[in-house]
Amino acid sequence: MTGSTPPAVMANPNTLSDREAMGLPPSFVSRGPYWALRNHQDLLAKTPKELVALAEDPRQEFATRCAAGTVLGLVGDPRVQPYDPPMAEVPAACVSLGLAPESVDAVVGQWRHAGVEREWIAKECPVHEVRLAAFRIALHPVTNAEYRLFLEDTSSTWLPSSWQFGAYPAPLSNHPVWTVPAEAADAYAAWLAAATGRRFRLPTEAEWEYAASGGDGRAYPWGESFRPLCANTVEGGPLTTVPIGVHPAGRSPFGVHDMAGNVEEYVADDYQAYPGGDPVDDDLARTRGTYRVARGGSFTRFGDLARCRRRHGWYERDIYAMGFRLAETI
(Lines give C-alpha, C1' and ligand atoms only; values in the text may rest on other atoms or scores of the structure.)
Protein backbone atom coordinates (compact mmCIF):
# COMPACT_ATOMS: atom_id res chain seq x y z
CA MET A 1 0.00 0.00 0.00
CA THR A 2 1.52 3.27 -1.06
CA GLY A 3 -0.78 5.80 0.56
CA SER A 4 -0.21 8.10 -2.42
CA THR A 5 -2.95 10.06 -4.14
CA PRO A 6 -3.63 9.08 -7.77
CA PRO A 7 -3.56 11.79 -10.45
CA ALA A 8 -6.71 13.87 -10.75
CA VAL A 9 -9.52 12.64 -12.99
CA MET A 10 -11.37 15.64 -14.36
CA ALA A 11 -13.78 13.91 -16.78
CA ASN A 12 -16.77 11.65 -16.26
CA PRO A 13 -15.04 8.29 -15.56
CA ASN A 14 -17.54 6.52 -17.81
CA THR A 15 -15.98 8.36 -20.76
CA LEU A 16 -12.44 7.23 -19.90
CA SER A 17 -10.52 3.99 -20.10
CA ASP A 18 -10.47 1.91 -16.92
CA ARG A 19 -6.93 2.99 -16.05
CA GLU A 20 -7.72 6.63 -16.70
CA ALA A 21 -10.88 6.37 -14.58
CA MET A 22 -8.77 4.99 -11.73
CA GLY A 23 -6.29 7.86 -12.06
CA LEU A 24 -3.49 5.51 -13.14
CA PRO A 25 -0.72 6.42 -15.58
CA PRO A 26 -0.15 4.35 -18.74
CA SER A 27 3.10 3.04 -17.27
CA PHE A 28 3.36 0.08 -14.86
CA VAL A 29 2.08 0.61 -11.30
CA SER A 30 2.83 -1.94 -8.58
CA ARG A 31 0.49 -1.71 -5.61
CA GLY A 32 -0.51 -5.31 -4.91
CA PRO A 33 -0.75 -6.43 -1.26
CA TYR A 34 0.87 -9.83 -1.41
CA TRP A 35 4.47 -8.69 -1.26
CA ALA A 36 3.80 -8.01 2.43
CA LEU A 37 3.71 -11.73 3.17
CA ARG A 38 7.40 -12.03 2.31
CA ASN A 39 8.21 -9.87 5.32
CA HIS A 40 5.79 -11.70 7.60
CA GLN A 41 6.68 -15.35 7.22
CA ASP A 42 6.39 -15.65 10.99
CA LEU A 43 2.63 -15.45 10.48
CA LEU A 44 2.67 -18.93 8.97
CA ALA A 45 3.19 -20.29 12.49
CA LYS A 46 0.19 -18.42 13.94
CA THR A 47 -3.14 -20.06 14.71
CA PRO A 48 -6.23 -18.89 12.80
CA LYS A 49 -7.49 -17.20 15.97
CA GLU A 50 -4.22 -15.27 16.30
CA LEU A 51 -4.33 -14.33 12.62
CA VAL A 52 -7.87 -12.96 12.91
CA ALA A 53 -6.79 -10.85 15.88
CA LEU A 54 -3.92 -9.38 13.84
CA ALA A 55 -6.04 -8.83 10.72
CA GLU A 56 -8.63 -6.85 12.70
CA ASP A 57 -6.26 -4.93 14.97
CA PRO A 58 -6.25 -1.24 13.97
CA ARG A 59 -2.92 -0.77 15.78
CA GLN A 60 -1.17 -2.98 13.21
CA GLU A 61 0.19 -1.65 9.95
CA PHE A 62 -1.89 -2.42 6.87
CA ALA A 63 0.85 -4.70 5.53
CA THR A 64 0.65 -6.85 8.66
CA ARG A 65 -3.15 -6.95 8.65
CA CYS A 66 -3.28 -7.85 4.98
CA ALA A 67 -0.57 -10.50 5.37
CA ALA A 68 -2.51 -12.07 8.25
CA GLY A 69 -5.66 -12.08 6.12
CA THR A 70 -3.76 -13.61 3.22
CA VAL A 71 -2.52 -16.49 5.39
CA LEU A 72 -6.09 -16.99 6.63
CA GLY A 73 -7.23 -17.30 3.03
CA LEU A 74 -4.73 -20.11 2.53
CA VAL A 75 -5.24 -22.06 5.76
CA GLY A 76 -8.95 -21.41 6.36
CA ASP A 77 -10.57 -18.27 7.73
CA PRO A 78 -12.81 -19.00 10.74
CA ARG A 79 -14.79 -15.84 10.02
CA VAL A 80 -16.10 -17.45 6.83
CA GLN A 81 -19.09 -19.49 8.00
CA PRO A 82 -21.20 -20.15 4.90
CA TYR A 83 -24.26 -21.58 6.70
CA ASP A 84 -24.06 -19.33 9.77
CA PRO A 85 -22.51 -16.04 8.64
CA PRO A 86 -21.54 -13.68 11.48
CA MET A 87 -24.21 -10.98 11.75
CA ALA A 88 -24.65 -7.66 13.52
CA GLU A 89 -27.90 -6.84 15.27
CA VAL A 90 -29.43 -3.58 14.03
CA PRO A 91 -32.25 -2.24 16.23
CA ALA A 92 -35.56 -0.90 14.98
CA ALA A 93 -35.54 2.84 14.38
CA CYS A 94 -37.08 5.74 12.57
CA VAL A 95 -34.08 7.19 10.74
CA SER A 96 -33.41 10.21 8.53
CA LEU A 97 -31.61 9.16 5.37
CA GLY A 98 -30.48 10.90 2.21
CA LEU A 99 -28.89 14.28 1.48
CA ALA A 100 -30.22 17.82 1.79
CA PRO A 101 -30.42 19.50 -1.65
CA GLU A 102 -28.39 22.48 -0.41
CA SER A 103 -25.46 20.10 0.29
CA VAL A 104 -25.18 18.74 -3.26
CA ASP A 105 -22.81 21.39 -4.58
CA ALA A 106 -20.41 20.95 -1.66
CA VAL A 107 -20.20 17.20 -2.23
CA VAL A 108 -19.68 17.67 -5.97
CA GLY A 109 -16.95 20.21 -5.30
CA GLN A 110 -15.19 17.90 -2.88
CA TRP A 111 -15.07 15.10 -5.45
CA ARG A 112 -14.76 17.05 -8.69
CA HIS A 113 -11.23 15.65 -9.11
CA ALA A 114 -12.78 12.18 -9.38
CA GLY A 115 -15.08 13.20 -12.23
CA VAL A 116 -18.20 13.30 -10.08
CA GLU A 117 -21.17 14.91 -11.80
CA ARG A 118 -23.97 16.79 -10.07
CA GLU A 119 -26.75 14.46 -11.19
CA TRP A 120 -25.06 11.51 -9.46
CA ILE A 121 -25.18 13.26 -6.10
CA ALA A 122 -28.67 14.68 -6.71
CA LYS A 123 -29.95 11.07 -6.60
CA GLU A 124 -29.31 11.16 -2.84
CA CYS A 125 -31.89 13.91 -2.26
CA PRO A 126 -33.91 14.72 -0.31
CA VAL A 127 -33.56 13.83 3.34
CA HIS A 128 -36.48 11.59 4.25
CA GLU A 129 -37.56 9.51 7.20
CA VAL A 130 -37.83 5.73 7.06
CA ARG A 131 -39.17 3.48 9.80
CA LEU A 132 -37.22 0.23 9.97
CA ALA A 133 -37.89 -2.95 11.89
CA ALA A 134 -34.98 -4.62 13.65
CA PHE A 135 -32.86 -6.78 11.35
CA ARG A 136 -29.47 -8.41 11.10
CA ILE A 137 -26.74 -7.60 8.60
CA ALA A 138 -23.68 -9.67 7.78
CA LEU A 139 -20.40 -8.48 9.26
CA HIS A 140 -18.70 -9.15 5.92
CA PRO A 141 -19.62 -9.27 2.24
CA VAL A 142 -20.12 -12.73 0.75
CA THR A 143 -16.73 -14.28 -0.04
CA ASN A 144 -15.41 -16.37 -2.89
CA ALA A 145 -15.46 -19.46 -0.65
CA GLU A 146 -19.13 -18.99 0.21
CA TYR A 147 -20.15 -18.27 -3.37
CA ARG A 148 -18.33 -21.40 -4.53
CA LEU A 149 -20.59 -23.55 -2.33
CA PHE A 150 -23.64 -21.93 -3.90
CA LEU A 151 -22.36 -22.68 -7.41
CA GLU A 152 -21.53 -26.28 -6.55
CA ASP A 153 -24.86 -26.93 -4.87
CA THR A 154 -27.05 -25.30 -7.51
CA SER A 155 -25.01 -25.90 -10.70
CA SER A 156 -25.61 -22.23 -11.44
CA THR A 157 -23.84 -20.69 -14.42
CA TRP A 158 -23.49 -17.27 -12.75
CA LEU A 159 -19.70 -17.46 -12.67
CA PRO A 160 -18.02 -14.30 -11.37
CA SER A 161 -16.19 -12.49 -14.14
CA SER A 162 -13.38 -11.92 -11.62
CA TRP A 163 -12.70 -15.70 -11.66
CA GLN A 164 -10.50 -15.98 -14.72
CA PHE A 165 -11.97 -18.59 -17.09
CA GLY A 166 -14.42 -19.40 -14.29
CA ALA A 167 -11.72 -21.07 -12.17
CA TYR A 168 -12.10 -20.72 -8.41
CA PRO A 169 -9.33 -18.47 -6.99
CA ALA A 170 -8.47 -20.60 -3.95
CA PRO A 171 -5.87 -18.22 -2.42
CA LEU A 172 -8.58 -15.52 -2.41
CA SER A 173 -11.12 -17.65 -0.56
CA ASN A 174 -11.72 -14.95 2.07
CA HIS A 175 -11.93 -12.05 -0.40
CA PRO A 176 -15.36 -10.69 -1.41
CA VAL A 177 -16.76 -12.27 -4.54
CA TRP A 178 -17.13 -10.02 -7.60
CA THR A 179 -18.45 -9.37 -10.28
CA VAL A 180 -21.83 -11.09 -10.33
CA PRO A 181 -25.25 -9.85 -11.49
CA ALA A 182 -27.88 -8.77 -9.01
CA GLU A 183 -29.96 -11.83 -9.91
CA ALA A 184 -27.12 -14.05 -8.69
CA ALA A 185 -27.02 -12.20 -5.38
CA ASP A 186 -30.77 -12.70 -4.97
CA ALA A 187 -30.42 -16.38 -5.85
CA TYR A 188 -27.59 -16.83 -3.33
CA ALA A 189 -29.71 -15.35 -0.53
CA ALA A 190 -32.67 -17.55 -1.49
CA TRP A 191 -30.42 -20.64 -1.63
CA LEU A 192 -28.99 -19.98 1.82
CA ALA A 193 -32.42 -19.25 3.28
CA ALA A 194 -33.71 -22.56 1.93
CA ALA A 195 -30.64 -24.43 3.18
CA THR A 196 -30.81 -23.01 6.71
CA GLY A 197 -34.47 -22.22 7.30
CA ARG A 198 -33.49 -18.65 8.11
CA ARG A 199 -34.83 -15.51 6.42
CA PHE A 200 -31.72 -14.39 4.55
CA ARG A 201 -32.07 -11.76 1.84
CA LEU A 202 -30.32 -8.66 0.54
CA PRO A 203 -30.68 -5.51 2.65
CA THR A 204 -32.95 -2.76 1.43
CA GLU A 205 -31.34 0.54 0.51
CA ALA A 206 -32.57 2.10 3.72
CA GLU A 207 -31.31 -0.78 5.84
CA TRP A 208 -27.91 -0.66 4.17
CA GLU A 209 -27.49 3.08 4.73
CA TYR A 210 -28.64 2.81 8.34
CA ALA A 211 -26.23 -0.07 9.01
CA ALA A 212 -23.38 1.88 7.40
CA SER A 213 -23.97 5.22 9.10
CA GLY A 214 -25.62 4.29 12.38
CA GLY A 215 -28.40 6.68 11.49
CA ASP A 216 -26.56 9.82 12.63
CA GLY A 217 -26.06 11.29 9.16
CA ARG A 218 -22.30 10.74 8.99
CA ALA A 219 -20.72 10.78 5.54
CA TYR A 220 -18.64 7.60 5.97
CA PRO A 221 -18.96 4.58 8.26
CA TRP A 222 -16.14 5.98 10.45
CA GLY A 223 -17.12 9.65 10.47
CA GLU A 224 -17.38 12.85 8.44
CA SER A 225 -14.04 13.00 6.61
CA PHE A 226 -12.70 10.59 4.01
CA ARG A 227 -9.72 8.61 5.31
CA PRO A 228 -7.90 6.44 2.75
CA LEU A 229 -6.55 4.13 5.46
CA CYS A 230 -10.08 3.17 6.48
CA ALA A 231 -11.17 1.58 3.21
CA ASN A 232 -9.89 -0.23 0.14
CA THR A 233 -10.36 2.42 -2.54
CA VAL A 234 -8.16 3.72 -5.36
CA GLU A 235 -6.68 6.46 -3.18
CA GLY A 236 -4.37 4.15 -1.27
CA GLY A 237 -5.48 0.58 -1.77
CA PRO A 238 -3.61 -2.18 -3.57
CA LEU A 239 -5.78 -2.11 -6.74
CA THR A 240 -7.30 -5.48 -5.92
CA THR A 241 -9.69 -6.91 -3.38
CA VAL A 242 -8.27 -7.64 0.07
CA PRO A 243 -9.31 -10.19 2.70
CA ILE A 244 -12.44 -9.33 4.66
CA GLY A 245 -12.04 -7.20 7.75
CA VAL A 246 -8.50 -5.87 7.27
CA HIS A 247 -9.66 -2.24 7.49
CA PRO A 248 -10.92 -2.33 11.11
CA ALA A 249 -10.78 1.45 11.52
CA GLY A 250 -13.46 1.64 8.83
CA ARG A 251 -16.08 -0.38 10.65
CA SER A 252 -19.57 1.05 10.88
CA PRO A 253 -21.13 2.07 14.22
CA PHE A 254 -22.68 -1.42 14.38
CA GLY A 255 -19.27 -3.06 13.93
CA VAL A 256 -19.83 -4.05 10.30
CA HIS A 257 -16.72 -4.39 8.11
CA ASP A 258 -16.08 -3.20 4.55
CA MET A 259 -19.19 -1.11 4.04
CA ALA A 260 -16.86 1.34 2.32
CA GLY A 261 -14.51 0.06 -0.36
CA ASN A 262 -13.36 -3.44 -1.36
CA VAL A 263 -16.42 -4.26 -3.52
CA GLU A 264 -19.69 -2.52 -4.26
CA GLU A 265 -22.74 -4.17 -2.71
CA TYR A 266 -26.10 -4.75 -4.31
CA VAL A 267 -29.16 -3.98 -2.24
CA ALA A 268 -32.68 -5.33 -2.72
CA ASP A 269 -34.07 -2.22 -4.45
CA ASP A 270 -34.04 -1.00 -8.02
CA TYR A 271 -33.34 2.70 -8.40
CA GLN A 272 -36.22 5.08 -7.93
CA ALA A 273 -36.41 8.65 -6.69
CA TYR A 274 -36.69 9.14 -2.95
CA PRO A 275 -40.01 10.43 -1.58
CA GLY A 276 -40.26 14.09 -2.53
CA GLY A 277 -37.35 13.83 -4.98
CA ASP A 278 -37.13 13.86 -8.76
CA PRO A 279 -35.96 10.89 -10.86
CA VAL A 280 -32.43 11.37 -12.21
CA ASP A 281 -31.78 10.32 -15.79
CA ASP A 282 -28.02 9.79 -15.51
CA ASP A 283 -25.74 7.53 -17.55
CA LEU A 284 -26.85 4.43 -15.64
CA ALA A 285 -30.52 5.14 -16.36
CA ARG A 286 -29.79 5.94 -20.00
CA THR A 287 -27.76 2.79 -20.65
CA ARG A 288 -29.57 0.28 -18.42
CA GLY A 289 -33.05 1.64 -17.89
CA THR A 290 -34.11 -0.07 -14.67
CA TYR A 291 -31.11 -1.01 -12.56
CA ARG A 292 -30.35 -2.44 -9.14
CA VAL A 293 -28.80 0.00 -6.68
CA ALA A 294 -25.35 -0.78 -5.29
CA ARG A 295 -23.68 0.86 -2.32
CA GLY A 296 -20.28 1.29 -0.69
CA GLY A 297 -17.69 1.78 -3.44
CA SER A 298 -14.83 -0.55 -4.29
CA PHE A 299 -11.11 -1.02 -4.79
CA THR A 300 -11.45 0.29 -8.36
CA ARG A 301 -13.12 3.59 -7.47
CA PHE A 302 -12.44 6.81 -5.60
CA GLY A 303 -13.75 7.58 -2.13
CA ASP A 304 -16.85 9.40 -3.38
CA LEU A 305 -18.50 6.00 -3.85
CA ALA A 306 -17.57 5.02 -0.29
CA ARG A 307 -19.94 7.64 1.12
CA CYS A 308 -22.84 6.15 3.09
CA ARG A 309 -25.44 8.03 1.05
CA ARG A 310 -24.03 7.34 -2.42
CA ARG A 311 -26.38 5.50 -4.79
CA HIS A 312 -24.78 3.64 -7.66
CA GLY A 313 -25.30 0.62 -9.92
CA TRP A 314 -23.64 -1.72 -12.41
CA TYR A 315 -22.45 0.05 -15.53
CA GLU A 316 -21.13 -2.98 -17.42
CA ARG A 317 -17.39 -2.44 -17.41
CA ASP A 318 -14.51 -4.25 -15.71
CA ILE A 319 -13.97 -1.29 -13.40
CA TYR A 320 -17.31 -1.95 -11.70
CA ALA A 321 -16.61 -4.51 -8.97
CA MET A 322 -20.04 -5.71 -7.89
CA GLY A 323 -20.49 -7.88 -4.80
CA PHE A 324 -23.10 -8.18 -2.05
CA ARG A 325 -23.73 -8.91 1.61
CA LEU A 326 -26.64 -10.55 3.35
CA ALA A 327 -29.32 -9.25 5.65
CA GLU A 328 -31.67 -11.35 7.75
CA THR A 329 -35.24 -10.67 8.78
CA ILE A 330 -35.79 -11.17 12.50
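Here is a short chat about a helix pair, a sheet and a pocket in this predicted model.

Tutor: Residues are numbered from 1 along each chain as its sequence is written. Local features need pLDDT of at least 70, side-chain atom pairs count only at pLDDT 80 or more, totals for chains, interfaces and linings use all residues, and side-chain values use heavy atoms, leaving out hydrogens and water.

Student: What makes Glu146 and Trp191 part of the contact of H6 with H7?

Tutor: Contact means heavy atoms within 4.5 Å; Glu146 is among the H6 residues that meet H7, and Trp191 is among those in H7. The contact residues divide into seven nonpolar, one polar and two charged.

Student: Why are S8 and S9 called edge strands?

Tutor: Strands pair if DSSP finds at least two bridges between them. The open sheet runs S8-S7-S6-S9, and S8 (312-313) and S9 (322-324) each pair on one side only, so they are edges by that pairing rule.

Student: How do you know that S7 pairs with S8?

Tutor: Two bridges join S7 (residues 292-295) to S8, running antiparallel, and at least two are needed. Val293 has Gly313 as its bridge partner in S8.

Student: What classes make up the lining of the largest pocket?

Tutor: The lining has eight nonpolar, four polar and five charged residues. Asp18, Trp178, Thr300, Asp318 and Ile319 lie nearest the centre.

Notes:
1 Å grid on protein atoms, 1.4 Å probe; cavity = no way out; pocket = protein on both sides within 12 Å on 5 of 7 lines; lining within 4 Å. Nonpolar A, V, L, I, M, F, W, Y, C, P; charged D, E, K, R; others polar. Helix = DSSP H or I, 4+ residues; strand = E, 2+ residues; numbered from the N terminus.
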